[in-house]
Amino acid sequence: MDQEATGPQAGHDARLVRPGRRAMFRAGMAAGMVALAGRARAEAPAPPADDPWSQTPGPGVVSRVYGHPSHFEKDVIRRNVPFLTATPQSSVSFTPLQSQQGIITASGLFFERYHAGRPTVDPAKHRLMIHGMVEQPRLYAMRDIERFPSISRIHFIECPANGGMEWRAAQLNSLQFTHGMIGCADWTGVKVSTILEEVGIKPEGKWALVEGADGAHMARSIPVSKLLDDCMLVYGQNGEALRPEQGYPLRLLVPGWQGNVNVKWIRRIQIGDQPWFTREETSKYTELMPDGKARGFTWKLYAKSVITFPCPEMPVNAPGLYEIRGFAWSGLGRIKAVDVSIDGGVNWTRARLDGLVLPKAMTRFTLPWRWDGKPALLQSRAIDETGFVQPTITELRAARGVNAIYNNNSIQTWQVKENGSVFDVQLG
Amino acid sequence: MSSSARIAALALAGCLLTGPASASGHGVLYYGYGTTPTARQIAGWAIAVRPDGQGLPPGKGSVSHGGDLFQTFCAACHGTFGEGEGRYPKLAGNDPLTGNQPRPTVGSYWPYATTLFDYINRAMPFPSPHVLKPDQVYAVTAYILNLNNIVAASFVADATTLPKVKMPNRHGFIWADPRPDTHDTECMNDCLKPDQVKITSTAEGKGITPRTTGPLDTSMPQ
C-alpha cells in the first residue's frame with residue numbers, strides 16, 4: 001500500500017511559490033489535523049512538533065519496484081489540447097516545462113508526438129535494414145546495434161510546431177501549451193557514421209530515407225552529410241532503455257533538427273541520390289509564406305528561450321525577491337548568452353547560465369528579480385554561439401507572415417499583473 | 001571510424017583480434033555484425049516512392065474502382081468527396097494558399113502525385129495501415145487526383161502515369177533554407193521607447209486553454 005498517496009499532508013512549503021496552493025495546504029492541514037491524534041495536534045505544522053511521517057517508518061525497499069514521483073506531484077503530467085487534432089493517435093502532448101527542474105526532462109514527462117499511436121515493438125523481433133546506394137546492405141538485430149561502439153550525448157528534441165498556435169496572436173495561457181513540445185535527455189546509442197562507414201556509402205549516395213516501424217511507417221529524407229555529422233541511433237534515454245513513447249527499442253536522433261526527422265521505432269535507412277519528398281516533408285513540415293509559396297527542408301531549430309518562472313502556471317504572490325528561471329536552446333550549437341527584460345524589451349540584463357552549457361541542449365538560466373508589485377512584461381532572449389539573436393514575434397511576422405505554423409522561435413512575453421497573476425501576451 | 005583509426009585499432013588489439021574484424025580493406029566489414037538482407041527482405045520493406053517513380057510497384061488502378069474503394073475504406077473520415085468529416089483532413093479543394101485561413105489540400109498544395117501513392121500505401125487507411133494491395137492504392141490515388149480535377153475520370157494510375165501527373169503547386173516550394181531571415185541585435189539599453197511597448201494581444205479571457213492542474217482536460221471549446 002502506498003502510504004504517501006493516502007496522507008492528508010502536503011509537502012510544498014519549501015517550493016519557491018505556488019500561490020493558491022499554500023492556502024490549500026493550510027486548509028488541508030487543518031482538516032487532516034482533526035483526524036490525527038497525539039502530538040500532531042499542534043496549531044502549526046512547524047517545529048518543534050513532529051509530523052506523522054517522522055513518527056512511523058515508511059514502506060520498505062521494493063514496496064515500489066519501479067519508482068515514481070511523489071503523490072503530491074500528481075498535477076505534473078503531460079497534457080494535450082484535445083481540439084488540435086482529429087484523434088489522439090495522430091497528435092501531440094506537452095511537457096510540463098513549468099515544473100521541469102533541470103535541463104533533463106523526466107522520461108515520463110517528455111512530450112509525445114505520434115502519427116499512428118505508440119506501437120509496442122518487440123525488441124527481439126525489431127530489425128534495422130540499411131540498403132540502397134551502399135556497398136554492403138545490412139540487416140541488424142538490436143543486439144548487433146548494441147554491440148557497436150557507443151556514445152552518450154545530451155540533446156533536446158523539439159517539434160517545429162512548438163508555438164505554432166501563436167503566430168497570429170497570443171492564444172494559450174500556459175507555458176506548457178505554448179512551449180511544451182520540447183524535451184531534453186541524455187541519449188545513449190551508436191553514431192550513425194559508425195554504421196554507415198561499416199556498410200560503405202557509394203559516392204552518389206547523398207540522401208537517406210529514414211523510416212519507422214509504426215503504423216505511419218514514418219518516413220523522412222535527410223542529407224547523408226547530416227547523418228554522418230552528429231546523428232545517433234539511440235537505445236538509451238536517461239540511464240535506462242529508450243521509452244516506448246520515444247521509439248523503443250530504437251530511434252534516430254538528429255541533434256538540433258526538427259523533431260519529426262528524429263524517426264522513432266526506426267527500422268530502415270535507404271541511401272539514394274535525391275530526396276523522396278514524402279508527405280511529412282511536403283504536405284506537412286513546410287511553411288506557407290504570405291505569397292503562397294512554401295519553404296521546405298527547414299530542418300534547423302534556431303535559438304529560442306522561455307522564462308519558466310514566473311509563467312501563467314507559476315505566478316508570483318507578494319512583492320519581494322524572486323529568481324527568474326528559464327531555459328534556452330539552439331539547434332545550431334551552444335547557447336552563448338541569455339538576456340532578460342522586465343519592461344517588454346526596453347532594457348535587458350544578462351542572465352546567469354547555470355550548470356551544463358552543451359551544444360544543441362537545453363541550457364538553464366537564472367536572474368534575481370525584486371518584484372515591486374507593479375505590472376511587468378517579462379521576456380528572455382537567447383543568443384547562440386553563431387551570434388544569432390532570438391527574434392521578436394513582430395520580426396518573425398515581417399519575415400514570414402502568419403501562416404507558417406512551424407519554426408516559431410520568437411521571444412515570449414509574460415505579463416505580470418499587480419495581483420501577481422501571469423498572462424501570455426504579445427507586444428507590437 | 002576512419003580507415004587509419006581502424007588500422008590503429010587493429011594494431012593495438014594485435015593478435016587478440018580474430019574473425020571478420022581482422023580482415024581489413026574495401027568491401028570487407030570491420031565489425032561484421034548483422035546479416036546481409038535477401039532481395040526478398042529488402043523488397044518487403046522498401047516501400048518508399050520518389051517523384052521520378054522509383055519505388056512504385058507493378059499494378060494499376062482506375063478512378064472508378066478507386067471511388068468504390070474510397071467509400072469502403074476512406075470516406076468515413078475523409079468524406080465521400082474528400083471534404084473531410086469533423087477534424088479529419090480534407091483531401092480535395094482549391095482554397096487559396098494565401099489569406100487568413102489557407103487550407104492546403106492534395107489538389108492545392110502537394111507538389112508530387114507520387115507522394116500521394118507513397119503516403120496512402122504506408123499510412124492509410126488510418127485504422128489499418130499498409131493493408132491495401134498495390135492495385136487498390138493506385139485506384140484510390142487516381143480517385144483523389146480526380147476529385148481534385150487533376151486527372152480525367154478515365155485516368156488509370158500506374159508506375160508510368162503517376163510520375164507524369166503535373167500537380168498544380170509543383171513549383172510552389174523553396175527547398176533551400178533562406179534563414180536566418182531575422183536580424184535582432186544584442187541591444188541592452190533603451191532598445192525601444194517605453195511608449196512603443198504596447199500589448200497587441202493576450203490569451204487572457206480567450207477560454208481555449210485546457211487546464212494545467214487536476215485531471216486531464218477533455219473539453220472542446222467552440
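Me: What makes a residue pair across the interface of chain B and chain A a polar contact, and how many such pairs does the rule find?

Reply: The rule finds 48 residue pairs in polar contact across the interface of chain B and chain A, both residues being at pLDDT 80 or more. A polar contact is a pair of N or O atoms within 3.5 Å; within protein, one must be able to donate a hydrogen and the other to accept it, and residues adjacent in sequence count only if both atoms are side-chain atoms. A word on the ground rules: this is a predicted model, where local features need pLDDT of at least 70, side-chain atom pairs count only at pLDDT 80 or more, and totals for chains, interfaces and linings use all residues. Residues are numbered from 1 along each chain as its sequence is written, chains are lettered from A and ligands numbered from 1 in the order in which they are written, and side-chain values use heavy atoms, with hydrogens and water left out.

Me: Why is the pair of Arg400(A) and Asp181(B) called a salt bridge?

Reply: The closest N and O atoms of Arg400(A) and Asp181(B) are 2.8 Å apart. A salt bridge asks for a side-chain nitrogen of Lys or Arg within 4 Å of a carboxyl oxygen of Asp or Glu, so the pair qualifies. Across the interface of chain B and chain A the rule finds seven salt bridges, and over all chains the count comes to 26.

Me: How much area do chain B and chain A bury between them?

Reply: About 8500 Å², 56% of it on carbon and sulfur atoms. Buried area is the accessible area (1.4 Å probe) that two parts lose on being put together, summed over both. In chain B, Tyr33(B), Trp45(B) and Arg179(B) lose the most area to chain A, together 10% of what that side buries. As for contact (heavy atoms within 4.5 Å), 90 residues of chain B meet 110 residues of chain A.

Me: What makes Glu158(A) and Lys304(A) a salt bridge?

Reply: Their closest N and O atoms are 2.9 Å apart, and that meets the rule already given for Lys and Glu. The count between domain 1 and domain 2 of chain A is two salt bridges, along with 20 residue pairs in polar contact.

Me: How do you know that Cys187(B) and Cys191(B) are joined by a disulfide?

Reply: Their S to S distance is 2.1 Å. The definition wants a pair of cysteine sulfur atoms within 2.5 Å, so the pair passes. The link of Cys187(B) and Cys191(B) is left-handed, with -100° about the S-S bond, and the structure holds one disulfide over all chains.

Me: What is the omega of the peptide bond from Phe309(A) to Pro310(A)?

Reply: Omega is near -5°, and the bond is cis. Pro310(A) is found in the loop between strand 15 (304-309) and strand 16 (320-329) of chain A. The bond from Met124(B) to Pro125(B) is also cis, with omega near -10°.

Conventions. Helix = DSSP H or I, 4+ residues; strand = E, 2+ residues; numbered from the N terminus.
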